[in-house]
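Let's take a friendly walk through a protein model, going from the whole chain down to single residues. Have the 3D view ready and follow along.

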Amino acid sequence: MSRRGHLASAWVITKKELRETLRDRKTLLVMIVLPLVLYPLLILGFSQLALMQQSRLAAESLRVGLSGAPPPPALRAHLEALEATTLQPVDDPRAAVRDGAVSAALVLPDDAPAALAAEGQAAVEVVFDGASDRSRQAEERLRKALTAFADQLRLERLAARGLDERFVKPVEVDAVNVAPPERQGGWILGQILPMLISVLMIGATFYPAIDLTAGEKERGTLQTLLTAPLPPMTLVTGKYLAVVGLAMLTGVLNLASVAFVATAIPVPQAAADQLSFDIGLGAIGLVFACLLLLGMMFGAIMVAVAVTAKDYKEAQNYLTPLYLVAVMPLMASSLPGMELTTVTAAVPVLNLALAMKQLLVGPIPAPLLAVVFGSTLAWVALALVFAARVFRTEAILLGDAGFRALFHRRAPAAGFDAARPPVASVGEVVTLLGVVLLLLFYGGVLLVDAPLLVAVHVTQWGLLLTPVVLLVAGLRLDPRHALGLRRPPAWSLAAAALLGLGTWFIAAVAIEALGADWMPVPTPAMEALEQSFRDLAASPGTALLLFLGVALAPAICEEALFRGVVLRGLAPRLGARGAVVASSVAFAVYHLNLYQAPTTLLVGLILGALAIASGSLWPGVVLHALHNGLALAFHVYAGDSVSTEALAVVSLGPALGLLILWRRARTVAPPGS
């Protein structure tokens with residue numbers, strides 16, 4: 001079939017899917033009615049309701065307790081002048097507030113009146129319940145009265161000495177906001193609207209993708225469609241365009257509703273000259289482009305994942321975790337200080353959310369916007385390649401093989417237990433990683449107050465290695481196959497030693513260079529940790545335990561987990577390269593250290609490639625031990641005494657090690673095959 005015929009057939013399928021989907025009343029309700037009703041209710045209705053509730057709370061009559069010495073006449077006058085506030089003596093102010101007898105209480109020490117009369121200072125106490133809105137309101141009223149009394153008393157004391165108020169207030173601060181009203185309003189809208197629209201946009205691909213794939217499988221119409229003389233790519237193109245079209249319909253309606261509601265948001269008269277919610281057409285157009293890319297990427301992913309399910313319910317089980325994972329970077333875009341940089345511009349989903357957030361505030365530099373669009377298009381292309389591969393697999397389209405059909409199944413080899421493959425299965429690897437993650441989280445909470453040496457050794461040997469040993473023993477796996485405990489070739493040990501001599505220095509330089517754009521290194525925390533290391537290294541006994549815990553223990557325990565069970569369990573299904581990438585991502589994530597994530601991922605890739613090429617776990621242990629040990633020795637003993645030239649020479653080792661690895665690496669069968 002020619003390219004023109006392919007596109008024409010795909011367009012026919014697209015129109016068919018759109019027509020059938022739009023005939024569904026539930027779809028119309030979710031995609032059209034909901035966006036047109038949701039935003040007015042959320043923005044206009046909620047804002048009005050909040051103002052009404054705030055006004056009602058401000059006007060509500062509250063009881064305020066007085067305890068201790070009687071307040072001076074001037075202070076009592078300010079307290080009695082408070083609106084909707086009743087004063088009530090109490091003996092135990094804390095119990096009265098806790099039991100709800102009063103909303104808040106003012107406690108004056110017995111010497112407070114005498115101290116104020118002698119032009120001294122009195123320490124008063126305001127007791128309130130921070131979990132109660134009414135108590136917070138009463139505390140605010142008391143602070144208002146106390147502030148007014150303090151201002152009056154200060155002016156009286158200054159007047160008695162013939163001094164002006166400026167004597168005790170030498171600096172008058174006048175904050176000037178240079179943001180124009182449109183930029184200020186865009187900043188407010190950008191805090192929530194990009195995330196909200198993106199969530200609805202991704203959700204708009206959720207149900208159409210299920211209905212057009214697993215839903216048709218369940219109804220038996222997909223098999224009928226496959227009998228048509230059309231190539232699989234035509235089929236996936238048509239369904240993909242239908243899902244993206246439906247998602248874009250939702251996006252357009254959401255944007256139109258937001259733009260309309262934004263112009264109708266009531267702005268207080270006092271802020272009318274400082275706040276405006278007018279959104280320019282150019283900004284709306286670029287935000288629409290961001291939503292289009294978002295729909296294109298998740299349209300392909302949702303279709304590819306949903307078609308692997310055998311029915312509607314199973315597809316929902318597959319896509320729900322994917323949907324939750326997609327929401328996480330959207331939530332990250334709302335974190336304070338999260339901005340669009342050259343690094344975040346390449347992070348999928350996060351870059352589009354940050355771009356929309358920035359577009360509502362002002363223009364984005366063209367090169368940065370190009371990085372956002374270019375990187376997203378690359379992710380879209382990868383998603384389409386994945387979807388195309390799924391639709392070329394007949395075992396998925398016509399059967400219930402699921403994701404297993406995407407990977408070549410190798411015949412089980414004889415191992416420690418001839419009744420099963422010699423390595424852990426994908427499900428067992430995922431279960432192990434889940435258990436280890438839970439152990440790291442809850443174990444870290446229990447070890448937070450433990451001595452550093454105890455925490456390090458318990459984490460490595462107890463929380464990382466013990467689950468690996470139990471899994472291998474429980475499944476009766478041969479450790480030589482499951483962990484790669486084979487004799488390594490000599491070249492791999494040489495390459496590991498050369499790599500270990502300098503990777504720590506390159507990683508440290510990279511972390512410092514990326515700190516400004518990726519994530520600033522928490523300097524106080526790092527300095528405190530380094531000081532703890534220096535204190536431990538002062539004694540030979542504790543120094544030995546320190547190096548065993550920081551250098552040797554991770555080299556054995558982390559390699560056994562990530563380059564042992566995980567890498568060798570994933571390789572038969574994902575292939576050598578896929579297993580290296582997946583295990584390296586897990587390696588970076590499980591360090592629970594965001595600012596080191598890029599370098600940890602890179603080191604993990606090198607360790608994985610070395611494990612695959614050598615067929616053994618031991619070269620990775622050597623590299624890992626040298627990497628951690630030399631980094632620790634440098635920070636503990638050397639510091640700034642080592643010259644930059646010497647470090648530069650050391651960094652040549654990884655270059656030579658990578659060269660050896662590159663020349664020796666060959667196309668090898670995945671471990672455990």
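**The whole protein**

Keep in mind that this is a predicted model. The protein has 26 helices and four strands. Of its 673 residues, 42% count as buried. The accessible surface comes to about 34,900 Å², and carbon and sulfur atoms account for 66% of that area. Among contacts with a separation of 6 or more, 76% are between residues 24 or more positions apart.

In soluble globular proteins, nonpolar side chains tend to be buried together. Here the largest nonpolar core has 58 residues, and those touching the most other members are Ile202, Leu294, Phe298, Met302, Leu319, Leu340 and Ile364. Two or more residues of this core come from each of H8, H11, H12, H13, H14 and H15. The largest share, 13 residues, is supplied by H12. A second, separate core has 42 residues, including Leu465, Leu477, Leu570 and Ala611.

**A closer look at helix H13**

How well does the span of helix H13 agree with 1.5 Å a residue? H13 has 21 residues and so should span 30 Å; its end C-alpha atoms are 31 Å apart, which agrees. Buried residues in H13 are Ala315, Leu319, Ala326, Val327, Pro329 and Leu330. The table lists the helices that the buried residues of H13 pack against.

| Helix | Residues |
|---|---|
| H8 | 193-212 |
| H9 | 214-219 |
| H12 | 281-306 |
| H14 | 350-361 |

Leaving aside residues up to four places away in sequence, Leu319 touches Phe206, Ile210, Met302, Val305 and Ala306.

**Out to the surface**

Which residues form a nonpolar patch on the surface? They are Val581, Val585, Val589, Leu601, Leu602 and Leu605, with about 460 Å² of accessible area together. Helix H22 (540-589) and helix H23 (597-614) each supply at least two residues of the patch, and Leu602 is in H23.

Another stop is Val469, in helix H18, which covers residues 452-474. Is Val469 buried, partly exposed or exposed? Its relative accessible area is 47%, so Val469 counts as partly exposed, since that class lies between under 20% for buried and over 50% for exposed. Val469 and Ala560 are 91 residues apart in sequence, and their C-alpha atoms are 9.0 Å apart in space.

Key:
Residues numbered from 1 in each chain as written. Predicted model: local features only at pLDDT ≥ 70, side-chain atom pairs only at ≥ 80, totals over all residues. Heavy atoms only, no water. Patch = residues over 30% accessible without salt bridge, like charges linked within 9 Å, V, L, I, M, F, W, Y side chains within 5 Å. Areas by Shrake-Rupley, 256 points an atom, 1.4 Å probe, with all protein chains shown as cover. Salt bridge = Lys/Arg side-chain N within 4 Å of Asp/Glu carboxyl O. Expected span 1.5 Å × (residues − 1). Buried < 20%, exposed > 50% of the residue type's maximum accessible area, 1.4 Å probe, protein only. Contact = heavy atoms within 4.5 Å. Core = buried A, V, L, I, M, F, W, Y, C linked by side-chain atoms within 4.5 Å.
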